[in-house]
Amino acid sequence: MGVVVIDGSTVRSFVEDEEQFKKTVDEQFKALDSNDDGVLSRSELRKALESMRLLDSHFGVEVVTPQEELTKLYDSIFEKFDTDQSGSVDLEEFRSEMKKIVLAIADGLGFCPIRMVLDDDEDNILKKAADLEASKLGKV
Ligand SMILES: [Ca+2]
């Protein structure tokens, strides 16, 4: 377990480092595409959102959302990702939505840093943002 501290500018500079961001998002896409067909299905994308844990906790406060509500929410997010309404999310769609989501997180954080407790082996996009900043500062 490790604790990372991130704020809006950490997250933003991660997105602005296009090469790094694209690499991270592409890796995540590949990891999520469990049947290797090059697109994300509804359930594959749901796993991605669950792994980000953005919906279960809000600044460390656990929020219990009924299963039915969650399904509705995940469905509406899927529809956002699937901009051409093909019923699946391709890499381009994934990249552009992830960018929007991560920037929205950055706006939400503003200059107010939050602490995240993460497993060291966890593949979390916000942890990557923190790692990147740490490496730039020469702390790693
Ligand atoms: Ca797939």
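In these legends, a helix axis is a line fitted to C-alpha atoms over the stretch in contact, and angles run from 0 to 180 degrees between N-to-C directions. The model shown is predicted.

**Figure 1. Overall arrangement of the helices and strands in the predicted model.** The protein contains six helices and four strands. Along the sequence these elements follow the order β-α-α-α-β-β-α-α-β-α. Of the 140 residues in the protein, 18% are buried. Considering contacts between residues at least 6 apart in sequence, 72% join residues at least 24 apart.

**Figure 2. Packing of helix H1 against helix H5.** H1 comprises residues 8-16 and H5 comprises residues 91-109. Their axes come within 7 Å and cross at roughly 155°. Since angles over 145 degrees count as roughly antiparallel, H1 and H5 are therefore roughly antiparallel to each other. The crossing of H1 and H5 is left-handed. On the H1 side, the contact is made by Gly8, Val11, Arg12 and Val15. H5 contributes Lys99, Val102, Leu103, Ile105, Ala106, Asp107 and Leu109 to this contact.

**Figure 3. Crossing of helices H1 and H6.** The axes of H1 and H6 cross at roughly 90° and come within 9 Å. This angle makes H1 roughly perpendicular to H6, given that 65 to 115 degrees is the range for that description. From H1, the contact residues are Thr10, Val11, Ser13 and Phe14. From H6, they are Leu126, Lys128, Ala129, Ala130, Leu132 and Glu133.

**Figure 4. The buried face of helix H1.** Thr10, Val11, Phe14 and Val15 are the buried residues of H1. Viewed down the axis of H1, these buried residues fall within an arc of 130°, so they line one face of the helix. The buried residues of H1 pack against strand E1 (2-6), helix H2 (18-32), H5 and H6.

**Figure 5. Length and buried face of helix H6.** H6 runs over residues 125-136. With 1.5 Å for each residue, its 12 residues should span 16 Å, and the end C-alpha atoms lie 17 Å apart, which agrees. The buried residues of H6 are Ile125, Leu126, Ala129, Ala130 and Glu133. Down the axis of H6, the buried residues lie within an arc of 150°, so they line one face of this helix.

**Figure 6. Surroundings of Thr24.** Thr24 is found in helix H2. With 21 C-beta neighbours inside 10 Å, Thr24 counts as buried, because the threshold for a buried residue is 20 or more. Leaving aside residues up to four places away in sequence, Thr24 touches Ile125 and Lys128. Thr24 and Arg95 are 71 residues apart in sequence, and their C-alpha atoms are 9.8 Å apart.

Figure 7. Arg46 is partly exposed, with 19 other C-beta atoms within 10 Å. Leu49 is likewise partly exposed, with 18 other C-beta atoms within 10 Å. Both counts lie between the limits of 12 or fewer for exposed residues and 20 or more for buried residues.

**Figure 8. Positive phi at Asp36 and Gln85.** Asp36 is placed in the loop between H2 and helix H3 (42-52). Its phi is near 55°, a positive value in a residue other than glycine. Asp36 is exposed, with 6 other C-beta atoms within 10 Å. Gln85 is placed in the loop between helix H4 (67-81) and H5. Phi of Gln85 is near 50°, again a positive value in a residue other than glycine. Gln85 has 7 C-beta neighbours inside 10 Å and counts as exposed, because the limit for an exposed residue is 12 or fewer.

Terms used. Residues numbered from 1 in each chain as written. Predicted model: local features only at pLDDT ≥ 70, side-chain atom pairs only at ≥ 80, totals over all residues. Helix = DSSP H or I, 4+ residues; strand = E, 2+ residues; numbered from the N terminus. Contact = placed C-beta atoms within 7 Å. Expected span 1.5 Å × (residues − 1). Arc of directions from axis to C-beta. Parallel < 35°, antiparallel > 145°, perpendicular 65-115°, else oblique. Left-handed = near helix turned anticlockwise from the far one by under 90°.
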